[in-house]
Amino acid sequence: MTNPDPAPSPPDPAPGSRAVTDRLGVTPRELYRRHRDAPGALFELADLVIDAAREVDRCTADLVRVARGVGESVTRSADRILDGRRFDTGILQYSATHLDLAAGRHALVTAHLTTLIDAYARAVNEPAPDPPTPARGS
């Protein structure tokens, strides 16, 4: 018999890395290996993608930490209200601001990663430009 309410799966600890893998079909580590011996613009773009993926992973962990902390603060404040005790509204205001900043930063770095992944995908799928033809002498 299956459990009708299975426990929710834990959040993906590396959504930036997962985005790279899902969109490009390689992990960030494989992306690095693909271009490490051919320095140039494509290597630099791949390196930017890898760095952005790490930043999304870091900001996701930070957002989860902040959200959990806010949840605890709000629960404590609610308990104080229900018990008829005095509570500091500043804690709720700070919590909301802190969460808003973390969520905004997360959205920003996620959008940046998406832009970089798209640019990398275009760069590897576009044909190389034709070399310029030498000018004819007179």
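These are my notebook entries on a predicted model of one protein chain.

**Ground rules.** I number residues from 1 along each chain as its sequence is written, and for side-chain values I use heavy atoms, leaving out hydrogens and water. Since the model is predicted, I take local features only at pLDDT of at least 70 and side-chain atom pairs only at pLDDT 80 or more, while totals for chains, interfaces and linings use all residues.

**Overall make-up.** I looked up the secondary structure and found 4 helices and 0 strands. Helices (H or I, at least four residues) and strands (E, at least two) are DSSP runs, numbered from the N terminus. The order from the N terminus is α-α-α-α. Of the 138 residues in the chain, 22% are buried. Buried means under 20% relative accessible area, exposed means over 50%, and partly exposed lies in between (1.4 Å probe, protein chains only). I also noted the contacts (heavy atoms within 4.5 Å). Among those with a separation of 6 or more, 69% join residues 24 or more positions apart.

**Helix α4.** I checked the span of α4, which has 37 residues (89-125). The expected span is 1.5 Å times one less than the number of residues. This gives 54 Å, and the end C-alpha atoms are 54 Å apart, so the two agree. I then listed buried residues of α4, including Ser95, Ala102, His106, Val109 and Leu113. An α-helix has 3.6 residues a turn, so residues three or four places apart point the same way. The buried residues of α4 pack against α1 (15-24), α2 (28-35) and α3 (41-82).

Which residues does serine 73 touch, not counting residues up to four places away in sequence? I found Ile91 and Ser95. Serine 73 sits in helix α3 and is buried, at 13% relative accessible area. Valine 64 is also in helix α3, but I noted it as partly exposed, at 27% relative accessibility. From valine 64 to leucine 99 I count 35 residues in sequence and 9.5 Å in space, C-alpha to C-alpha.

**The core.** I looked up the largest nonpolar core, which has 18 residues. Such a core is a set of buried Ala, Val, Leu, Ile, Met, Phe, Trp, Tyr and Cys residues joined through side-chain atoms within 4.5 Å. Val20, Leu24, Leu31, Val49, Leu113, Ile117 and Tyr120 touch the most other members. At least two residues each come from α1, α3 and α4, and α3 gives the largest share, 8 residues. Last, I looked at isoleucine 117, which touches Ala19, Val20, Arg23, Leu24 and Val49, leaving aside residues up to four places away in sequence.
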